Amino acid sequence: MNRRRAHDEDETYDRLHRKRRKVSENQEIEDRLESLIHRVGEKSTSSLESNLEGLASVLEADLSTFRVKILRILTECAIRMPEKCTIYATLVGLLNAKNFNFGGEFVDYIVKTFKENLKSCKWDIARYSLRFIADLVNCHVLAASSLLTLLENLVDVSNEDSVPQVRKDWYVFAVLCTLPWVGRELYEKKEAQLEHLLVSIEVFLNKRSKKHHNALRVWSVDAPHPQEEYLDCLWAQIKKLKSDNWAEKHIPRPYLAFDSVLCEALQHNLPTIIPPPHQDSFVYPMPWVVFRMFDYTDCPEGPVLPGAHSIERFLIEEHLHSIVEMYHMERKECAAHLLYFPFKSKIPLDYCIVEMIFAELFHMPVPRYLEVCYGSILIELCKLQPSTMPQVLAQATEILFMRIDSMNTSCFDRFVNWFSYHLSNFQFRWSWEDWDSCLQLNPEHPRPKFIRETLLKSLRLSYHQRIKEMMPESYAALIPEKPEPKYKYTMEGAASLPGTRAAHLLVGAVRQRCSSEEVLNVLRELPNPRAEIDGDQPSTDTPYNPLKIDVFVQTLLNLGSKSFSHSFSAISKFHYVFKILAESEEAQICILRNMFELWGTHQQMMVVLVDKMLKTQIVECSAVATWIFSKEMTGEFTKLYIWEVLHLTIKKMNKHVGKLNTELLDAREKLARAESSSSESDDDSSQHGDNKRKKVDSDKPTEEMVERMEERLEGAHVDQKRLFLIIFQRFIMILSEHLVRCDTDGLDYGSYWYKWTIGRLQQVFLTHHEQVQKYSSTLETLLFTQDLDPHILDVFHQFVSLRS
């Protein structure tokens with residue numbers, strides 16, 4: 001008996017050990033296969049052809065065991081590394097030639113992936129999937145007629161009624177992007193069907209609306225480079241490719257080496273693929289304008305820059321953009337991959353890279369990644385390629401500065417931010433004398449304004465004396481004032497001010513570490529100027545006393561003026577006093593005015609103080625917006641920091657709404673899960689079931705909690721809508737006043753003030769397009785009505801067309 005049990009135990013141990021060893025071995029083989037597939041096409045001592053041939057044999061041998069794994073890895077690699085699309089297509093072609101059934105399974109798998117990505121709105125992945133499907137025609141895996149049927153089905157979306165134009169645009173764009181890879185093959189085998197497809201696309205492009213075009217341009221003029229809408233530009237490139245008999249020079253085609261093997265393989269047909277119908281929840285990519293900064297005349301001797309309408313320009317730019325997309329989190333790796341571009345000997349690579357990065361930085365409505373990302377990549381490029389890259393970047397900066405007169409306001413801000421950041425990393429060295437001509441221009445002209453704003457931003461990254469020393473004497477008028485507080489209660493003539501005595505008492509009290517109640521006692525005796533103006537007796541019960549706010553805010557912020565931390569500490573310590581004094585929106589605006597009066601020469605301090613006051617709920621977002629558009633801020637209205645404050649205010653509101661929305665969705669999900677869980681465990685009377693139910697009940701929000709969350713979210717939406725209504729109403733008022741005044745006086749309305757202001761209106765629409773879009777119908781009904789001046793109304797219509 002004991003011997004048998006021992007024998008059984010040994011047998012069980014051996015069986016489990018063998019199973020564990022087998023699982024471990026399988027995992028090792030899977031990892032090895034994944035590594036081999038990932039690395040194919042990288043630098044190797046063997047040729048790409050021999051590597052592909054060897055890998056195809058290895059994969060074929062493992063198909064019986066690892067078929068699903070191989071299908072998944074091949075598809076993921078082809079989509080995630082689109083620059084290696086043709087390599088993986090060749091590999092699939094070789095496997096199809098060896099194993100027809102696997103070829104069919106692969107086609108089914110990639111089609112399923114394509115459909116899933118369309119349904120889940122993963123547009124870039126869907127486009128890369130389509131490209132890979134098309135490239136399988138070149139490898140004789142798919143029949144050309146089958147692909148053309150799919151492309152025709154996709155283009156048919158452009159004939160749908162009652163759907164957004166951006167939906168039609170994307171499907172046409174996806175088809176046009178695919179044609180450089182497979183156009184030659186389709187032209188040779190199905191010329192008539194291809195021609196019919198192109199005619200359908202041209203008909204759509206000729207009738208589509210391009211109202212959004214002007215809103216998305218970097219420059220408002222087309223000289224020296226036309227600012228083309230992306231579909232128009234790609235269509236011109238495809239037409240040029242067609243006139244060249246679909247021959248291009250930048251797509252590697254390793255399958256040509258295996259033509260004799262591949263052409264004998266049996267081909268598959270695609271199943272019928274119908275694009276998923278439009279749903280209101282679908283969000284499509286927005287249109288854009290193709291950025292052009294260089295042409296072949298800007299590049300020195302060497303490889304020629306492909307023309308703007310050559311397909312090579314599109315292929316190069318798309319490849320460079322995909323490198324940034326893949327490596328943008330690692331600036332050093334990103335810069336290295338950009339400089340090791342596979343076709344660098346055929347093109348002026350430095351110029352292509354610099355143009356591509358500025359295209360990313362200036363992308364409208366917002367860049368894909370943080371602005372500092374692009375600045376850091378450019379710095380790494382200069383370090384890796386010190387012999388040429390700094391000169392190309394300097395040339396690009398010169399071009400941007402010379403064309404800044406017609407630059408979009410949002411791009412102007414980004415140019416300022418990038419240039420000041422770049423200078424700070426290169427000891428603020430620049431040939432300022434080359435820009436001396438701008439000193440004779442109107443201070444509001446974009447060129448002197450660019451230099452002044454760059455110096456103000458540089459001041460945040462350095463110190464005042466350093467900025468003064470780095471600039472030539474001729475630029476004295478553009479150098480910022482020294483950023484220091486101007487505390488009126490210690491200045492000449494302060495004795496005659498009504499709050500001076502209280503201010504001095506307050507200084508002493510704060511230095512003695514007084515409490516909030518003691519501060520309020522010091523302020524209590526101050527008279528209320530508002531009550532006296534109204535002819536009434538001063539009353540300590542009046543909630544809004546501007547003199548109290550004046551004395552308290554200026555004194556406290558002056559005491560904390562040594563650093564941001566000191567200011568934050570002062571605000572935190574006397575937060576209760578702030579809340580008592582800031583009971584109304586008027587009072588909050590008064591707080592902001594006094595902050596400005598003290599810190600008017602220190603823009604960064606004002607930005608961070610407003611941010612702090614918003615975070616601590618001393619002031620509301622609507623108060624900040626009203627203050628920015630007030631008469632007292634007229635002199636600051638065209639300065640960048642004011643708009644920095646406005647955008648951080650809007651973002652604060654958007655973040656608050658988003659947070660409440662997320663919390664509500666989580667609560668609803670927990671409630672539904674808890675109800676489902678309790679119904680499932682109704683029949684479970686075990687102790688385990690009771691414990692589980694108790695845990696679920698403890699996590700479960702009540703119906704009342706969810707209702708309160710819904711009310712809070714609804715209130716936040718009301719506040720958000722009100723904020724946007726305040727901002728757009730103020731814009732309309734000041735712009736309308738300007739236009740009427742110019743019309744009455746017979747003046748040209750297009751002053752620098754007007755151009756900056758209309759640009760800021762456009763910037764608010766575009767920067768916060770996702771949130772503003774929700775209120776577009778309200779804005780159209782209440783503010784942007786048909787009787788509004790066409791210049792203002794046009795900005796709104798351009799914004800609406802982005803998603804139409």
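Buried means under 20% relative accessible area. Keep that cut-off at hand for the exercises below. The model is predicted.

**Exercise 1. Describe the ring pair of Phe419 and Trp435, and say whether the two residues are buried or exposed.**

Solution. 
- Step 1: A pair of aromatic rings is described by the distance of the centres and the angle of the planes.
- Step 2: The ring centres of Phe419 and Trp435 are 5.9 Å apart, and the planes stand at 45 degrees.
- Step 3: Planes under 30 degrees apart count as stacked, over 60 as edge-to-face and the rest as tilted. The angle here is 45 degrees, so the pair is tilted.
- Step 4: Place the residues. Phe419 belongs to helix 17 (residues 409-424). Trp435 lies in the loop between helix 17 and helix 18 (446-461). They are 16 residues apart, and the pair links distant parts of the chain.
- Step 5: Apply the cut-off. Both Phe419 and Trp435 are buried.

**Exercise 2. Classify the aromatic pair of Phe282 and Tyr284.**

Solution. 
- Step 1: The structure holds 51 aromatic pairs. Phe282 and Tyr284 form one of them.
- Step 2: Their centres are 6.2 Å apart, with 75 degrees between the planes.
- Step 3: An angle over 60 counts as edge-to-face. The pair of Phe282 and Tyr284 is edge-to-face.
- Step 4: Phe282 and Tyr284 are both buried.

**Exercise 3. Find the rings under the charged ends of Arg447 and Lys449.**

Solution. 
- Step 1: Start with Arg447. Its charged end sits over the ring of Phe401, 5.9 Å from the ring centre.
- Step 2: Go on to Lys449. Its charged end sits over the ring of Trp756, at 5.7 Å from the centre.

**Exercise 4. Work out what lines the second largest pocket.**

Solution. 
- Step 1: The volume of this pocket is about 1000 Å³.
- Step 2: It is lined by 32 residues, and the closest to its centre are Glu83, Lys84, His319, Tyr340 and Pro342.
- Step 3: Two or more lining residues come from each of helix 3 (85-98), helix 5 (123-138), helix 12 (311-327) and helix 13 (331-339).
- Step 4: Helix 12 gives the most, with eight residues.
- Step 5: Sort by class. The lining has 19 nonpolar, six polar and seven charged residues.

**Exercise 5. Describe the largest cavity and its lining.**

Solution. 
- Step 1: The structure holds one cavity of 30 Å³ or more. The volume of the largest cavity is about 30 Å³.
- Step 2: Its lining consists of Lys240, Leu241, Asp244, Ala247, Ser310, Ile311 and Glu312.
- Step 3: By class, three are nonpolar, one is polar and three are charged.

Definitions and conventions:
Residues are numbered from 1 along each chain as its sequence is written. This is a predicted model: local features need pLDDT of at least 70, side-chain atom pairs count only at pLDDT 80 or more; totals for chains, interfaces and linings use all residues. Side-chain values use heavy atoms; hydrogens and water are left out. On a 1 Å grid over the protein atoms alone, a cavity is a set of points where a 1.4 Å probe fits but cannot get out, and a pocket is an open set with protein on both sides within 12 Å along at least five of seven lines; lining residues have an atom within 4 Å of a point. Grid points are joined across faces, edges and corners, and a volume is the space filled by probe spheres set on the points. Helices (H or I, at least four residues) and strands (E, at least two) are DSSP runs, numbered from the N terminus. Ala, Val, Leu, Ile, Met, Phe, Trp, Tyr, Cys and Pro count as nonpolar, Asp, Glu, Lys and Arg as charged, and the others, Gly among them, as polar. Rings of Phe, Tyr and Trp (its six-membered ring) pair if their centres lie within 6.5 Å; planes under 30 degrees apart count as stacked, over 60 as edge-to-face and the rest as tilted. Buried means under 20% relative accessible area, exposed over 50%, partly exposed in between (1.4 Å probe, protein chains only). A charge sits over a ring if NZ of Lys or CZ of Arg is within 6 Å of the ring centre and within 35 degrees of the ring normal.
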